[in-house]
Amino acid sequence: MHRDRHLRKIAVIARREYLATVRTRSFLLAVLLMPALIVGSVAVQTWLARRGASEDKTVVVFDHSGALIDGLEAAAAARGAEGAAAPDGDERGRSRFTVVRGDPADLDDELRLALSARIRGGELAAFVEIGARILEAEPPGPSTMIAYHAESLAFSELRRWLEQTARQRVLQRRLLAAGIAEPAIERALAPVVFEGSGLLSRGADGQLQRTDAAQAIAAEFAPLALLFLLFNAILLTAQPALQAVIEEKQQRIAEVLLGSVAPFDLMLGKLLGYVLASLTVLVVYLLAAGGLAQHYGLLGLLAPALIAWVVAYVAVAVLLYGAIFVAIGAAVNDLKESQNLMLPAMLVIMAPLFVWSEVVAEPLGQLATGLSLFPMVTPLIMPMRLAVTGAVPMWQPALGLMLTALTALLVVVAAGRIFRVGILAYGKAPTLRELARWALLKG
Amino acid sequence: MAEPVILMEGVSKRFGDHLAVDALDLEVPGGAIYGFIGPNGSGKTTTARMILRIIHPDRGRVVVFGRDQGRAADDRVGYLPEERGLYRKMRVRELLRFHAELKGLRRPDAEILAWLERLGLASWADRPVEALSKGMAQKVQFVAAVVHRPQLAILDEPFSGLDPVNQGVLKDAMLELRRRGATVLFSTHDMAAAERLCDRLMMIYRGRKVLDGAPAELRQRYGRDTIRVRLGDPRLDLSGLPGVAAVADYAAYKELRLHDGADPQQLLRALIGLTRVDHFEIAEPSLHDIFLRIAGPAAPADAA
């Protein structure tokens, strides 16, 4: 058999598989979904921030100590005036807070219930009980506490503002009581500015360059974004591969194809089609990322070397995982039967999602280095390390790529044997042991 | 006779405990329409797959176009499997182009259109496969098997599921293939079709070849031991009459098979004594009858 005949057949299969994968509506949807999610979440946040401006919040304060209520009222008024003074920009996103004075003498459980009902009805945002001995801090218990009652506790701006303002006032009064002069207290309580800043470098013109804060933050999120991008690009084609093979088997398309092409060529053609489809997704994502990066002046994050590695890793990853899925698809009779065999495969592929924070925090540590050289997870871990730091020695991504390519080769050969036997075998699904026996069968 | 297109010698194939094909010898001459008959599970599909090199024999030689090596299918062969399978989402023209190119045909569009027109499918060329009726899908599958101008077409049950009109269309298509010099090997349950269409046929039963030859030759070989009668009383039980080994009832007439050496004249006399005889014919057995004798439920385990 001539080699170019094999290659031509592989190419015909690859082209059909590529078009069949890329043309489906679900593929298009999935490709567009990720950028849409990112853009969408930014848009929604902006919109919510603007909308928030019109939503004033009223909080009823019962101050048993009588020491804080004046200060809170004043602070709320001052905050409102500040917002009004800055009609444009970020300040517009702030909602106005109104502090209503409640009489502590009236406060009983009936009133608490009534207030809770009004909060549920949306009339009030919260009610607060300030303990009678809040300034003394002793004894521990309700009298030295501030209780905040509201529906939303975790992500409330009102709660953050109240907590901060009340704490500031309490500290001020305690220090005052300790005999410290008021100007000294003001100075002591002045906020401490703590800003995250990037590294310095010297530009081509000899000038010192600073990484601005936005870029530094983006750089920290880039590896995670990259991980999801890779994960998506690989699974978007590798997983439909399983369904495609099961369909070919169920619809008896496989036998027609095997009348025209050798089983190994058929599988190889399919895998190449999936690699091309994955690279298509990757290019779309990289273009989108490049556009975003340029818009925000963060093009430095997309180093050409990193892109080259990412492309190479996605290609071998699709070969590797695709071969596993294709072999599973050929071995089983329907999608349900494939679940048992898919579980271990998916666990390995998902592993990087569980350790990414470790890898990002210590990209040069033993765990990150070791994992990034373990062939089954190299394609996801290694690009992440490369994105975090430029200090990964060049031999590591090269070795990782070689090991993964070698593993992919072994898996493709074994999968080809399973494919050859499985694609025409109907009846009981094979056990893992039988699969292993098929994989070792030669000729 | 021309050089054989397919030559099988002592070919055996076993799947686990099941011996699917047992020491099969087969010679298919070039340019013939060769019929392949036999009950389900008798080894027809396994034999076809070995000729296509989808599977490989445990023992023996399979020579196709003078070549007995190789793993990949030969581009000169076209295959219509018994279990039909087409990509449902692809358009008809696109699908046929895929199959033609897979077989190495470089500019298949004219050939595709010619076949679609011949089979009355031209207006469906740009519809997806899933929109086709079962019969249309089967004709598309046939085109997929022959669009690359194969020199050998292996068609597994090409007529099953087709109405009589489409069976005629397909028969003409098969004759067209032979006219172009191709060899057609097809399997069928339809004895009448096999008898009309085949230059030569073979019967395989339990993995072994039990018949091989031209239809007329086969009928003669089974001798003139068949009596066809039409009687005044069609409900009469004839099984106890002298010399009768078996009775097949076809409503309009009955077919009787005699024991070796039994005298048809004696049977005729007995019949006249029982009822009016409208028709009495000493005939060759039909292929159907031969098929049933070998593969019927009463057939001995070692029919050969």
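Asp156(B) stands opposite Ser187(B) of strand β7(B). The model is a predicted one. The strands around this residue pair, β6 (residues 152-156) and β7 (residues 183-188) of chain B, run parallel to each other and are joined over 5 bridges.

- Six strands make up an open sheet with mixed pairing, and their order in chain B is β5-β6-β7-β3-β8-β9.
- At the edges are β5 (77-80) and β9 (208-213) of chain B, each of which pairs on one side only.
- From one strand to the next, the twist averages 15 degrees.

**Helices against the sheet**

**Chain B as a whole**

- Chain B holds 9 helices and 13 strands.
- The C-alpha trace of chain B spans about 70 × 45 × 40 Å along its principal axes.
- Chain B has 304 residues, of which 51% count as buried.
- Taking contacts in chain B between residues at least 6 apart in sequence, 68% link residues at least 24 apart.
- Chain B has an accessible surface of about 13,900 Å², and carbon and sulfur atoms account for 48% of that surface.

**A nonpolar patch on chain A**

- Leu29(A), Leu33(A) and Leu37(A) form a nonpolar surface patch, and together they have about 330 Å² of accessible area.
- Leu37(A) is part of helix α2 (residues 25-52) of chain A.
- Leu37(A) counts as exposed because its relative accessible area is 59%, and the cut-off for exposed is over 50%.

**A buried lysine in chain A**

- Lys270(A) belongs to helix α9 (residues 263-295) of chain A.
- With a relative accessible area of 0%, Lys270(A) falls under the 20% limit and is therefore buried.
- Apart from neighbours within four places in sequence, Lys270(A) is in contact with Ile13(A), Glu17(A), Val245(A) and Glu248(A).

Terms used. Residues numbered from 1 in each chain as written. Chains lettered and ligands numbered in written order. Predicted model: local features only at pLDDT ≥ 70, side-chain atom pairs only at ≥ 80, totals over all residues. Heavy atoms only, no water. Patch = residues over 30% accessible without salt bridge, like charges linked within 9 Å, V, L, I, M, F, W, Y side chains within 5 Å. Areas by Shrake-Rupley, 256 points an atom, 1.4 Å probe, with all protein chains shown as cover. Salt bridge = Lys/Arg side-chain N within 4 Å of Asp/Glu carboxyl O. Helix = DSSP H or I, 4+ residues; strand = E, 2+ residues; numbered from the N terminus. Buried < 20%, exposed > 50% of the residue type's maximum accessible area, 1.4 Å probe, protein only. Pairing = 2+ DSSP bridges. Axes fitted to C-alpha atoms, helices over the stretch in contact; angles between N-to-C directions. Contact = heavy atoms within 4.5 Å.
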